[in-house]
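Work through the two exercises below with the model open, and compare each step of the solutions with what you see.

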Amino acid sequence: MIRALFISDIHISSPQDAKYALFLRVLERCEKIQPRHLFLVGDIFDLWISNRHYFIERYAEAAERLRTLCKLGVKVHYFEGNHDLDLKLYWQHEVGVDVQEEAAFFEIEGRVFRVEHGDQMDLTDQGYLFLRWLLRTPFLKFLCRYLPNKIVAWIGERASRASRDYTSHVKTTTEDRARSLIVDHSRRVFSQKEFQVLVCGHVHTIEDREVVIDEKKVRLINLGTWLKDPRMAVFADSENGYQINLQSVHEWLA
């Protein structure tokens, strides 16, 4: 039995995007197998802001499938990223998804998971951290909720494009640097509250390794991005109890 699925950084750009069709196939299979948990670890859409009908109408099928999963008893968790903001009004209050704005901890079959989007790992990037804070202030949330749809879409699409350019040229300067950020971050936050598995996204680098922190083994998984090689983490029953693996989405669906 599948206990939890973890997906991040799909960056769905339109209803015609092939990644959207692939995501819908994943949700359709989830309806059949009904995992205990489904974690959407941020940047699922290339842009989603609040409860604007512009986005709700574009991606109605995904929302309906996620609503169905919630009704079936699947615990769906959606983490805000840097492309999907102010999600509670629609995704939590209307669809039934559990929205997380920050890192959160979950105990699943005796293992403690720390799950987060990962956009706060680099403490040296003060410019981005300030922008992240600014976008979540009450005033900016108010603007996003009540400006005309066309203006929100115009601003959002340009902000999304700028964020994507930032991703390409700054966040993932080298894969080694991205992996180093994940390890350094895991050691820092482990001292605040212990966990056995860290699952994150944001930096578009695949990472799956075990490290030792304070003489304890910790699994680090960064989910990468569907822009390159669609992958997902699957926590499921195995002969030795439970096992978590980073798998190709295409192979999981086959």
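Two strands pair if DSSP finds at least two bridges between them, where strands (E, at least two residues) and helices (H or I, at least four) are DSSP runs numbered from the N terminus. The model is predicted, with local features requiring pLDDT of at least 70 and side-chain atom pairs pLDDT 80 or more, while totals for chains, interfaces and linings use all residues. Residues are numbered from 1 along each chain as its sequence is written, and side-chain values use heavy atoms, without hydrogens and water.

**Exercise 1.** Determine the strand order of the open sheet of 5 strands and find which strands stand at its edges.

*Solution.* Reading across the sheet gives S7-S8-S9-S11-S10, with mixed pairing. Strands S7 (104–108) and S10 (206–213) each have a single partner strand, so one side of each lacks a neighbour in the sheet. At the S7 end, S7 pairs with S8 (residues 111–115) in the antiparallel sense over 5 bridges, and Phe106 stands opposite Phe113 in S8.

**Exercise 2.** Describe how helix H1 (residues 18–33) and helix H3 (residues 60–72) are arranged relative to each other.

*Solution.* Begin with the axes (lines fitted to C-alpha atoms, for helices over the stretch in contact, with angles from 0 to 180 degrees between N-to-C directions): those of H1 and H3 come within 10 Å and cross at roughly 20°. Since angles under 35 degrees count as roughly parallel, H1 and H3 are therefore roughly parallel to each other. Finally, list the contact (heavy atoms within 4.5 Å), which includes Phe23 and Leu27 of H1 and Leu66 and Leu69 of H3.

Terms used
Angles under 35 degrees count as roughly parallel, over 145 as roughly antiparallel, 65 to 115 as roughly perpendicular and the rest as oblique.
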